[in-house]
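Dear colleague,

Please find below the structure that I am handing over to you. My notes on it follow directly after.

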Amino acid sequence: MNQPLAYVHPGAKIAKNVVIEPFTTIHNNVVIGDGTWIGSNVTIMEGARIGKNCNIFPGAVISAVPQDLKFGGEDSLAIIGDNSTIRECVTINRGTIASGQTVIGKNCLVMATAHIAHDCHIGDNAIIVNGVALAGHVTVGNYAIIGGLAAVHQFISIGDHAMISGGSLVRKDVPPYTKAAKEPLSYVGINSVGLRRRGFSTEKIREIQEIYRILYQKNYNTTQALSIIEAEMEATPERDEIILFIRNSSRGVMKGYTGIY
């Protein structure tokens, strides 16, 4: 904390064992937890709440005001959970009156040059790859992976354990456990490799596969498919999570793969 080439506002609350490298600026109303490392040339603005054991790499700008013409200067936060890594030149805007906060969960990795806009909520263990652009009010589930240079429309929801290919244009919600690719963005299977890595059994993966066969490969409309899944498949947390996600989708979920590029 005795770094003469960094500026730390007297109103910032910094744990004693935080490392702050030269030429970094930390504004008022900032809280940074134990064991966090802040690289050179980082700017941390008012409303930042950074957890324990985080790593923030050079050039990142955390908690800048939203790029939203409706923003009226209200108090809001940008929250980064414990053990998360923010790589070079990432920008994370704080929230607006809509939710009051932008949230990055625990154990997340946000790779270089990604942008996370106001009121986004990212779950735990998510990976946001280089150059991803998340518009405002995007929700990203636990363990989700968004490939490099993907662009995500505002108010989109991406489910737990979903994986989106690099360069995708995400205009519709992406249900849990799925892989999404092609243009327009489409269902191309479930994220079976990721699920195995996270301890899902073969039986559980087959159950999830069967749910998505009914949804995407049986020529039912969404309402028919959900009715069949509820009637014919045993109630499990995964089944209910998928049904609830689709029924709560405000923008509609991505379609099945049609073979059209």
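Arg239 counts as buried because its relative accessibility is 8%, where buried means under 20% relative accessible area, exposed over 50% and partly exposed in between, with a 1.4 Å probe and protein chains only. The model is a predicted one, in which local features need pLDDT of at least 70, side-chain atom pairs count only at pLDDT 80 or more, and totals for chains, interfaces and linings use all residues. Residues are numbered from 1 along each chain as its sequence is written, and side-chain values use heavy atoms, with hydrogens and water left out.

Arg239 belongs to helix α4; helices (H or I, at least four residues) and strands (E, at least two) are DSSP runs, numbered from the N terminus. Leaving aside residues up to four places away in sequence, Arg239 is in contact with Glu207, Ile211, Ile229, Glu230, Met233 and Glu234, contact meaning heavy atoms within 4.5 Å.

One of these partners, Ile229, sits in helix α3 (residues 222-232). Ile229 is buried, with a relative accessible area of 0%. With residues up to four places away in sequence again not counted, Ile229 touches Ile211, Ile214, Leu215, Arg239 and Ile243.

Ser249 is placed in the loop between α4 (237-247) and β28 (255-256). Ser249 also counts as buried, at 17% relative accessibility.

Finally, the domain assignment gives domain 1 (5-154) and domain 2 (192-254), with bounds that come from an automatic or database assignment. The C-alpha centres of domain 1 and domain 2 are 32 Å apart.

With kind regards
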